[in-house]
Amino acid sequence: MSIERVNDGGVMKAETIVAICAVVIAVASLGVSVWQAHLARQHNRHSVRPVLQLHRGIHHGARSGIRLINVGPGPAFIVSSSVSVDGEAIGSWDKACADRVRAGLPAHLNTVTFGGEEVIATEYSEYLLSLPHYDAHSHAPIERLLRHRLSITIDYESLYGGEGFRVVYAPE
């Protein structure tokens, strides 16, 4: 028995061309689907990304202090916080730390501190440290603390976790 090879002059049959085109289209479709799924996951993450901001507001005769605001579309899960005064670490932003920060000041500052696993809701806006009625003359040491001595760092994540977001309030 002998096998004979037929030379068709290098021309491909129509079935072969159709099969190759089908494979190319299938691979391209798979690539587009994978890319679209990646973009959808990325969009979902951004749609719940918290954005925390720390603002200092000093207003004569009005409430003044440092305000924490979540301007992002999702809640923020506080991972850790740290506070320092004059470059010296005081601790994480809890009641004991707040008491050390406001010790020796001429007026009592109101505080909102973090407990264990704190969640900052969307549209949250609260003073972490505040004075109900600021007066420039009698509260000058408080203004110096807020402007020049106090530093706060908050590390946080979104619902997905693992992003390592950070907001920092630093002295002028």
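1. Four strands form an open sheet in the order β1-β2-β7-β5, and their pairing is antiparallel. β1 (52–57) and β5 stand at the edges with a single partner strand each, so one side of each has no neighbour in the sheet. Strands here are DSSP runs of E, at least two residues long, numbered from the N terminus. Two strands pair if DSSP finds at least two bridges between them.

2. A note on the source. This is a predicted model: local features need pLDDT of at least 70, side-chain atom pairs count only at pLDDT 80 or more, and totals for chains, interfaces and linings use all residues. Residues are numbered from 1 along each chain as its sequence is written, and side-chain values use heavy atoms, with hydrogens and water left out.

3. β5 is joined to β7 (residues 125–131) by two bridges, and the two run antiparallel. Thr-111 lies in β5 (residues 110–111). Its opposite residue in β7 is Leu-129.

4. How exposed is Thr-111? Thr-111 is partly exposed, at 27% relative accessibility. The classes are buried under 20% relative accessible area, exposed over 50%, and partly exposed in between (1.4 Å probe, protein chains only). Beyond its neighbours within four places in sequence, Thr-111 contacts Trp-93, Ala-98, Arg-102, Leu-128 and Leu-129. Contact means heavy atoms within 4.5 Å.

5. Check two loop residues. Most residues other than glycine have a negative phi. Asp-86, not a glycine, has a positive phi of about 55°. Asp-86 sits in the loop between β3 (76–85) and β4 (88–91) and is exposed at 52%.

6. Glu-123 also has a positive phi, about 65°, and is not a glycine. Its loop runs between β6 (119–120) and β7. Glu-123 is exposed, with a relative accessible area of 70%.
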